[in-house]
Amino acid sequence: MSSERKRTRPLPRTPVALSVLNLLAERPMHPYEMRMLMRQRHHDRAFQIRESSVYDTVARLADRGLIEPVEVSREGRRPERTVYSITEAGREELLDWLWQLTSEPATDYPAFAAPLMFIYALGRDRAIAALSQRAARIEAEISSSDAFRRAFAAEILDFPRIFGIEEEYAQAMRKAELAWVRATVAELRDGTFPWPAPEDLPEYPAHGA
């Protein structure tokens, strides 16, 4: 199979693939080193890091001509390790993919939208209880993120802010969601967010009526 045909095959765009391409854009390395760097840089705060998924992703990227093996080494009795480098096609894919992810808002709904759509089924009191529990858990996540970032900053002095910007964003989203949930709970409790009785629910005409 030619390299041109490999480049035209579609690539499942997963967080692991994005991480592998990004790491290899820095320098050549073998999959084990990639996995260690993912953990050291706490990529697992964005996606789950499995050894099998890293190796499978490397194989798929190589099959598509986005990365290529450049060296095979062995240390003592350890298995051979293949060092990979990103190709020009891989750099183009990485830059195009990052541009798309950064510049275009996602069109899929957040997971929280589905339960909110049907929250009426819980009843007012249980809805308030569920939202209050969610608020408490978000507060805990915010505190955990603050503690993590303080510890990380103390461990690595002068750490460039740009390499932690994803956690800044995640923290901003948590705080925004927490503010919305708290405000909604307050409105449900004081009655400014009306909870209709079953007989007051609107009726929609049957399809084709």
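Residues are numbered from 1 along each chain as its sequence is written, and side-chain values use heavy atoms, with hydrogens and water left out. Since the model is predicted, local features need pLDDT of at least 70 and side-chain atom pairs count only at pLDDT 80 or more, while totals for chains, interfaces and linings use all residues.

**Exercise 1.** Work out how helix 2 sits against helix 4.

*Solution.* Start with the helices themselves: they are DSSP runs (H or I, at least four residues), numbered from the N terminus. Helix 2 covers 15-26 and helix 4 covers residues 51-63. Next, the axes, which are lines fitted to C-alpha atoms over the stretch in contact, with angles from 0 to 180 degrees between N-to-C directions. These two come within 9 Å and cross at roughly 70°. That makes helix 2 roughly perpendicular to helix 4 (the label covers 65 to 115 degrees). Now list who touches whom, with contact meaning heavy atoms within 4.5 Å: Val16, Ala17, Val20 and Leu21 from helix 2 meet Ser53, Val54, Thr57, Val58 and Leu61 from helix 4. Sorted by class, that's seven nonpolar, two polar and no charged residues. Here Ala, Val, Leu, Ile, Met, Phe, Trp, Tyr, Cys and Pro count as nonpolar, Asp, Glu, Lys and Arg as charged, and the others, Gly among them, as polar.

**Exercise 2.** Do likewise for helix 3 against helix 4.

*Solution.* Helix 3 spans residues 31-40, and its axis comes within 10 Å of that of helix 4, crossing at roughly 125°. So helix 3 is oblique to helix 4 (angles under 35 degrees are roughly parallel, over 145 roughly antiparallel, and oblique is whatever those and the perpendicular range leave over). On the helix 3 side, the contact uses Pro31, Tyr32, Met34, Arg35 and Met38; on the helix 4 side, Glu51, Val54, Tyr55 and Val58. The tally is seven nonpolar, no polar and two charged residues.

**Exercise 3.** Describe the largest pocket and say which helix gives the largest share of its lining.

*Solution.* A pocket here is an open set of points on a 1 Å grid over the protein atoms alone, where a 1.4 Å probe fits, with protein on both sides within 12 Å along at least five of seven lines; lining residues have an atom within 4 Å of a point. The volume, about 2,300 Å³, is the space filled by probe spheres set on the points. Of the 49 lining residues, Ala46, Ile165, Glu166, Glu167 and Tyr169 lie nearest the centre. The largest share, nine residues, comes from helix 8. By class, the lining splits into 24 nonpolar, nine polar and 16 charged.
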